[in-house]
Amino acid sequence: MAANAKIFDIYFRNITVIGGDRRKTADTLKLFVNKQIIRQGLDSRLGLVDHLKVPEMCKVHDGTTYIAFCRMERTDRHSEAVGFLNTLTFEGRKLLAKLNEIESGAAQWSTKTLVGEDNKPIWYHREKAKYLQVTNQTLESQERLIAHIERRLNEEKGKRQAAEDELREARETIRHLEDTVKELKEVLAIYEPSG
């Protein structure tokens with residue numbers, strides 16, 4: 001992999017909480033994923049989990065799940081790893097993995113805590129998780145809006161097709177009536193007394 005290549009880590013949702021402890025959950029998940037990779041013979045292709053952090057509770061579930069960020073040893077194979085990870089079930093829940101849309105930096109895996117201008121700690125993963133949650137909600141809202149617009153468009157197309165069908169029938173009726181009137185005029189012309 002090139003030294004300047006951008007890295008997009010893996011984002012997990014729907015992780016079962018183990019003992020109410022994020023670290024224990026992270027360690028157990030890392031071990032589980034590594035075992036599955038080895039069991040499937042993918043360790044040379046994908047590499048094993050290099051880093052895995054569980055920053056906070058997942059707000060889109062019932063409060064018993066976490067989210068996590070993961071970096072594999074082979075970062076150039078993250079998209080392939082996502083496909084594999086989405087086939088796994090961890091502690092009774094299907095893992096939901098996707099490639100993070102935010103480029104990852106070395107700071108997110110640092111054990112040092114950064115501080116902001118107000119001397120308060122910056123919890124990189126928490127901020128990233130909040131951003132991802134807002135992004136996901138925005139995407140879901142946009143998808144719902146698109147589905148609504150497509151549904152309305154299809155309804156309008158159906159109404160337009162019905163109106164075009166009615167117009168076609170009306171034109172055929174008018175043509176039929178015009179033909180009938182023409183035939184009646186021809187019949188009347190035959191029987192009309194010549195003066």
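In this predicted model, strands β2 and β3 run antiparallel and are joined by four bridges. Across that pairing, K53 sits opposite F69 in β3. Zoom out and you get an open, antiparallel sheet of four strands, in the order β2-β3-β1-β6. The edges belong to β2 (49-53) and β6; each has a single partner strand, so one side of each has no neighbour in the sheet. From one strand to the next, the twist averages 25 degrees.

Here are the strand pairings side by side:

| Pair | Bridges | Sense | Residues standing opposite |
|---|---|---|---|
| β2 and β3 | four bridges | antiparallel | K53 and F69 |
| β1 and β3 | five bridges | antiparallel | Y11 and F69 |
| β1 and β6 | four bridges | antiparallel | Y11 and K98 |

Y11 is a handy landmark: it stands opposite F69 in β3 and opposite K98 in β6.

Helix α3 (residues 78-85) lies across β1, β3 and β6, and runs at about 165 degrees to β6.

Helix α4 covers residues 124-191 and includes V187. Together with I190 and Y191, V187 makes a nonpolar surface patch with about 380 Å² of accessible area in total.

Methods
Residues are numbered from 1 along each chain as its sequence is written. This is a predicted model: local features need pLDDT of at least 70, side-chain atom pairs count only at pLDDT 80 or more; totals for chains, interfaces and linings use all residues. Side-chain values use heavy atoms; hydrogens and water are left out. Two strands pair if DSSP finds at least two bridges between them. Helices (H or I, at least four residues) and strands (E, at least two) are DSSP runs, numbered from the N terminus. Patches are made of residues with over 30% relative accessible area and no salt bridge: like charges are joined within 9 Å, nonpolar side chains (Val, Leu, Ile, Met, Phe, Trp, Tyr) within 5 Å. Accessible areas come from the Shrake-Rupley method with a 1.4 Å probe; for residues, only the protein chains shown count as cover. A salt bridge is a side-chain nitrogen of Lys or Arg within 4 Å of a carboxyl oxygen of Asp or Glu. Axes are lines fitted to C-alpha atoms, for helices over the stretch in contact, and angles run from 0 to 180 degrees between N-to-C directions. Contact means heavy atoms within 4.5 Å.
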